[in-house]
Amino acid sequence: MATRKKKKIFRKVLMFFIVFAGMGLAAWWWYRLHATNFVTYPEFGIAVPANYAIHGIDVSHHQENINWDLVKNMQVQNIKIGFVFIKATEGIGRVDSHFNQNWFRSKDAGMCRGAYHFFLATKSGKLQAQNFIDVVTLKPGDLPPVLDVEQTYGVPVDKLRKEVKAFLQTTEQYYGVKPIIYTNVDFYKQYLNGQFDDYPLWVAHYLRQDTPRIKRDWLFWQHSEAGRVNGVTYKVDFNVFNGDSSEFRNLLLE
């Protein structure tokens, strides 16, 4: 009896190790299949999608003072910061406290720049557009204007869409180019999907290996909020452009 019991215990232990080893092998293969499109560069502090040619960041007053020459000159293997989106305005009267210095100094450093407005759904879309227009002068070589909309503030969806449309139409009429919508995947699906599909999309979606989880076409993908860049004291959002250098140039204002 004792011998049989020992054999049963041995078999159970053996089966446990076989199952455990199988699970480990499966996990290893999953990692190999899903993580190969991300490359970790210690200098950036994050994993960067390796299958995109053009990388960029976005900043606001939260990053405080930035040395744009250091940002421009940073290169890790074939990865450089090719563009920056800068917060300009918020609501109907606020201007980001670091917008002017970021706007002009990034240009002086040779950066390709764009400006964005943080949308307050409780305020008039047209007046918010006017706030942006009063502050931001776009020049040839700049990126199109961006509307950052990611919260409802309790506003009904119909009113949210109405004010978003008012902002987009006002800025498009003034600058002569379709604005880009920035938002996260879930917000777009819940509130904007099917209503603004003809506008270029800059989508935020973290913890993905090679593409955001959204069915419609997108132009920019914010894949991390915890990047490190020379010349910036605090962490920054990292983005990629969904296209090649020729397509990127075609996007810029003339």
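Let's start in the middle: in the largest nonpolar core, which has 54 residues, the ones that touch the most other members are F44, I57, W68, V71, V136, V149 and V229. A nonpolar core here is a set of buried Ala, Val, Leu, Ile, Met, Phe, Trp, Tyr and Cys residues joined through side-chain atoms within 4.5 Å. Buried means under 20% relative accessible area, exposed means over 50%, and partly exposed is in between (1.4 Å probe, protein chains only). Apart from this core lies another one, of 17 residues, with Y182, W202, A204 and F220 among them. As a general rule, nonpolar side chains in soluble globular proteins tend to be buried together.

Before going on, keep in mind that this is a predicted model, in which local features need pLDDT of at least 70 and side-chain atom pairs count only at pLDDT 80 or more, while totals for chains, interfaces and linings use all residues. Residues are numbered from 1 along each chain as its sequence is written, and side-chain values use heavy atoms, with hydrogens and water left out.

Now for the whole chain. It has seven helices and twelve strands, where helices (H or I, at least four residues) and strands (E, at least two) are DSSP runs numbered from the N terminus. Of its 254 residues, 45% are buried. Take the contacts (heavy atoms within 4.5 Å) between residues at least 6 apart in sequence: 66% of them join residues at least 24 apart.

V229 and V71 are 158 residues apart along the chain, yet their C-alpha atoms are separated by 6.4 Å. Neighbours within four places aside, V229 is in contact with I57, V71, M74, I81, V236 and F238.

Strand β11 (residues 220-227) also holds S224, a residue that is buried, with a relative accessible area of 11%. Its side chain makes a polar contact (a pair of N or O atoms within 3.5 Å; within protein, one must be able to donate a hydrogen and the other to accept it, and residues adjacent in sequence count only if both atoms are side-chain atoms), reaching the backbone nitrogen of A226 at 3.1 Å. Leaving out residues up to four places away in sequence, S224 touches I46, Y206, V236, D237 and F238.

Next, have a look at helix α4 (residues 125-135), whose buried residues are G125, Q128, A129, N131, F132 and I133. Their cover includes β5 (79-90), β6 (94-95), β7 (112-118) and α5 (157-175). Where α4 starts, a side-chain oxygen of S124 comes to within 3.3 Å of the backbone nitrogen of K126.

How do α4 and α5 meet? Their axes (lines fitted to C-alpha atoms over the stretch in contact, with angles from 0 to 180 degrees between N-to-C directions) come within 7 Å and cross at roughly 35°. On the α4 side, G125, K126, Q128, A129, F132 and I133 meet E163, A166, F167, T170, T171, Y174 and Y175 in α5.

Finally, two loop residues. E64, between β3 (55-59) and α2 (68-73), has a phi near 55°, a positive value in a residue other than glycine. Q77, between β4 (75-76) and β5, also has a positive phi, near 55°. E64 is partly exposed, at 41% relative accessibility, and Q77 is exposed, with a relative accessible area of 61%.
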